[in-house]
Amino acid sequence: MKKGILMIAAVGALFFTSCKDDASSKVKAENVETAAERDAQVAAFGELTFEEEEFDFGNIAKGAPQEHVFKFTNTGEGPLVITNATSTCGCTVPTYPKNETIAPGESGEMLVKFNGSGQGQVTKTVTVTANTENGSEQIRIKAFVEGGEEETAG
């Protein structure tokens with residue numbers, strides 16, 4: 001039984017590898033040129049450059065909503081597309097030009113809202129996913145949240 005299965009496998013392998021067609025003769029030169037142009041365009045990445053990577057709201061009252069606009073520019077050679085922006089928690093919400101193409105040299109804005117939660121020194125990070133060479137960039141907000149002593153007095 002084992003010899004029979006082995007024999008069938010050997011015949012099958014011989015059948016699939018015995019193709020005599022020359023694969024390189026089937027390649028069209030125009031397709032090679034098109035692929036080369038496409039690959040050259042992919043090599044040109046967008047680059048997400050923020051005017052500031054961190055913003056400090058200073059001292060704020062607990063629960064006081066805050067927001068800040070982070071301005072950025074595509075300093076790369078290719079188009080920039082931001083596909084996602086997420087925060088380290090639900091208290092910080094970024095708003096951005098999702099899936100919009102930003103040409104090299106063009107600028108845009110990302111609004112980051114913070115609901116003022118937490119206590120004491122708070123730092124939140126927003127991770128921006130884009131078609132850059134790194135794939136993602138980070139910006140941060142921070143604040144010193146005052147108030148809420150009644151919650152910590154126990």
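Leaving aside its neighbours within four places in sequence, which residues is G76 in contact with? I'll start there. Keep in mind that this is a predicted model.

G76 sits in a loop, the one that runs between β3 (66-74) and β4 (80-87). Its contacts, once those close neighbours in sequence are set aside, are F45, G46, E47 and P104. Is G76 buried or exposed? Its relative accessibility is 12%, and buried means under 20%, so G76 counts as buried. There is also T132 to mention: G76 and T132 are 56 residues apart in sequence, while their C-alpha atoms are 8.4 Å apart in space.

Some of those names come back in the next part, the largest pocket. G46, E47 and T132 are among the residues that lie nearest its centre, along with L48 and E137. The lining has 16 residues. By class, five of them are nonpolar, six polar and five charged. The space in this pocket is about 250 Å³. Two strands, β1 (48-50) and β9 (136-146), each give at least two residues to the lining. Which element supplies the largest share? That is β1, with three residues.

Last, the cysteines. A disulfide is a covalent bond between the sulfur atoms of two cysteines. How many are there in this model? The count is one. C89 and C91 form it, with their sulfur atoms 2.3 Å apart. The two partners fall into separate accessibility classes: C89 is partly exposed because its relative accessibility is 26%, and C91 is buried because its value is 10%.

That's what I have.

Technical notes: Residues are numbered from 1 along each chain as its sequence is written. This is a predicted model: local features need pLDDT of at least 70, side-chain atom pairs count only at pLDDT 80 or more; totals for chains, interfaces and linings use all residues. Side-chain values use heavy atoms; hydrogens and water are left out. A disulfide is a pair of cysteine sulfur atoms within 2.5 Å. Buried means under 20% relative accessible area, exposed over 50%, partly exposed in between (1.4 Å probe, protein chains only). On a 1 Å grid over the protein atoms alone, a cavity is a set of points where a 1.4 Å probe fits but cannot get out, and a pocket is an open set with protein on both sides within 12 Å along at least five of seven lines; lining residues have an atom within 4 Å of a point. Grid points are joined across faces, edges and corners, and a volume is the space filled by probe spheres set on the points. Helices (H or I, at least four residues) and strands (E, at least two) are DSSP runs, numbered from the N terminus. Ala, Val, Leu, Ile, Met, Phe, Trp, Tyr, Cys and Pro count as nonpolar, Asp, Glu, Lys and Arg as charged, and the others, Gly among them, as polar. Contact means heavy atoms within 4.5 Å.
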